[in-house]
Amino acid sequence: MIAIHQNKVINAQSLFQPEIESQRKKALTKLKKINKNQFNTNEKDYLREVISLFEDNSSIKIIECNPSYLSSLVSSIGIIPPNSRFYKNGKTKKKLKQFILEALNYSYLRSSFYPKYFREIGVKSCVYCNSQLSITAVKSRDVYSAKFDVDHYYSKDEYPFLSISLFNLYPACSSCNRAKSNNKIEFELYTSNHKNTTKSNYNFKLSPYSKSKYLTTRDSMEIDFYFTEPIYLNPSTKKFNDVFHIESIYETQKDLIEELIIKSQIYNKSYLKALKYNFSKLSLHPELFKRTLVGNYTQDKDIHKRPMSKIVMDIAKDLDLI
Ligand SMILES: [Zn+2]
């Protein structure tokens, strides 16, 4: 996993300022239309506080506020009050949470706004596993459309008023989104610390003799690699592999490593030097040359741009290919 610098996100937000402002205004109008009389006192108070966050004169920019503001809102406003709405037969009526989510229009933004917004930030793959795109085809009224899948750092079940707050959105594939559910993991996607944006905190490595075993047997099942977990500040944190099953996902991708081993045999140092010389007229940036060679991005800072980039760059480095 690797973090994204907050400044990059703030720059992207500034490009979409009119759309973000329109999201806030529409949400405010719809929130105000919710009939408060159907809720109990706690729910009414909660809704009033939520509405105030979206008001024109609010001191907080609820959609753009940074992670530390989000954290202070979570402390000051808290979890949505328990649902008190039941029919006489014991079934639940539409909950306040659903009213808020609908007013904020999170579902619609998944296909309309988030694809272009996250493209601007440079995120296309799942920020947790990096093995899949964070986009899912969803069927609605017999028509499929591509929707951006995002995990909410503060869950939309507990904090529906943060469901469209941009720093609360973590692009994730549907299986990681499901796997994470309400599990707490130690990872903050958005940071103000440059150090966390240059180096991924998890890694893949070929097991010793894996390459030679493969070259002897030509059996990709002989290829073995291991996954190194991040260093956790809190030792009781749930391990990444336990939540997202990283090792078993990548265990199915040994053919990818097989190709890298073969490339490392073909593209030795002198051949690479000759290639660079012969195609110097292309004026390829060194990173683009390496990317073309391995078929994926080769720097940690670019992991989110394409699925499988982390394993490819780590193993390619291990093989001295890049
Ligand atoms: Zn994933």
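Predicted model: local features only at pLDDT ≥ 70, side-chain atom pairs only at ≥ 80, totals over all residues.

Colleague: Okay. And which residues of helix H5 are buried?

Modeller: H5 covers residues 96-104, and its buried residues are Leu-96, Phe-99, Ile-100, Leu-101, Ala-103 and Leu-104.

Colleague: What do those buried residues pack against?

Modeller: Three other helices: H2 (17-33), H3 (41-54) and H6 (106-112).

Colleague: Switching topic: which residues coordinate the zinc ion?

Modeller: Cys-126, Cys-129, Cys-173 and Cys-176 do, each through its SG atom, at 2.3 Å. Along the sequence the donor residues follow the spacing C-x2-C-x43-C-x2-C.

Colleague: So what does that do for the chain, say with Cys-129 and Cys-176?

Modeller: Cys-129 sits in the loop between helix H7 (114-121) and strand S2 (135-140), while Cys-176 is in helix H8 (residues 174-180), so the pair ties together parts that are 47 residues apart in sequence.

Colleague: Is Cys-129 buried or exposed?

Modeller: Cys-129 is buried, at a relative accessible area of 0%. Cys-176 is buried too, with 1%.

Colleague: And what's the geometry of the zinc site?

Modeller: Tetrahedral: the angles among the 4 donor atoms run from 105 to 115°.

Colleague: How far apart are Ser-181 and Asn-278 in space?

Modeller: 52 Å, C-alpha to C-alpha, and they're 97 residues apart in sequence.

Colleague: Let's zoom out. Which domains does the chain have?

Modeller: The domain assignment gives domain 1 (4-193) and domain 2 (199-318). Their centres, taken over C-alpha atoms, are 34 Å apart.

Colleague: How many residues does each put into the contact?

Modeller: Domain 1 gives 20 residues and domain 2 gives 21 residues. About 1,700 Å² is buried between domain 1 and domain 2, with 58% of that from carbon and sulfur atoms.

Colleague: Which residues of domain 1 lose the most area to domain 2?

Modeller: Asn-130, Ser-131 and Glu-186, which together make up 36% of what that side buries.

Colleague: How many salt bridges are there between domain 1 and domain 2?

Modeller: The count is 0. Across the whole structure, though, a search finds 17 salt bridges.

Colleague: What about Lys-199 and Asp-300?

Modeller: Their side chains form a salt bridge as well, at 3.6 Å, N to O. Lys-199 is in the loop between S6 and strand S7 (203-206) and Asp-300 in the loop between helix H14 (286-294) and helix H15 (309-318), so parts 101 residues apart in sequence are tied together.

Colleague: Is Lys-199 buried or exposed?

Modeller: Lys-199 is exposed, with a relative accessible area of 56%, whereas Asp-300 is buried at 7%. Lys-199 and Asp-300 also belong to a network of salt bridges with Lys-310 and Asp-314.

Terms used. Residues numbered from 1 in each chain as written. Heavy atoms only, no water. Donors = N, O, S within 2.8 Å, 3.2 Å for Na, K, Ca; no water. Tetrahedral: all angles 85-135°; square planar, octahedral: opposite > 155°, others 65-115°. Helix = DSSP H or I, 4+ residues; strand = E, 2+ residues; numbered from the N terminus. Buried < 20%, exposed > 50% of the residue type's maximum accessible area, 1.4 Å probe, protein only. Domains from an automatic or database assignment. Contact = heavy atoms within 4.5 Å. Buried area = accessible area lost by both parts, 1.4 Å probe. Salt bridge = Lys/Arg side-chain N within 4 Å of Asp/Glu carboxyl O.
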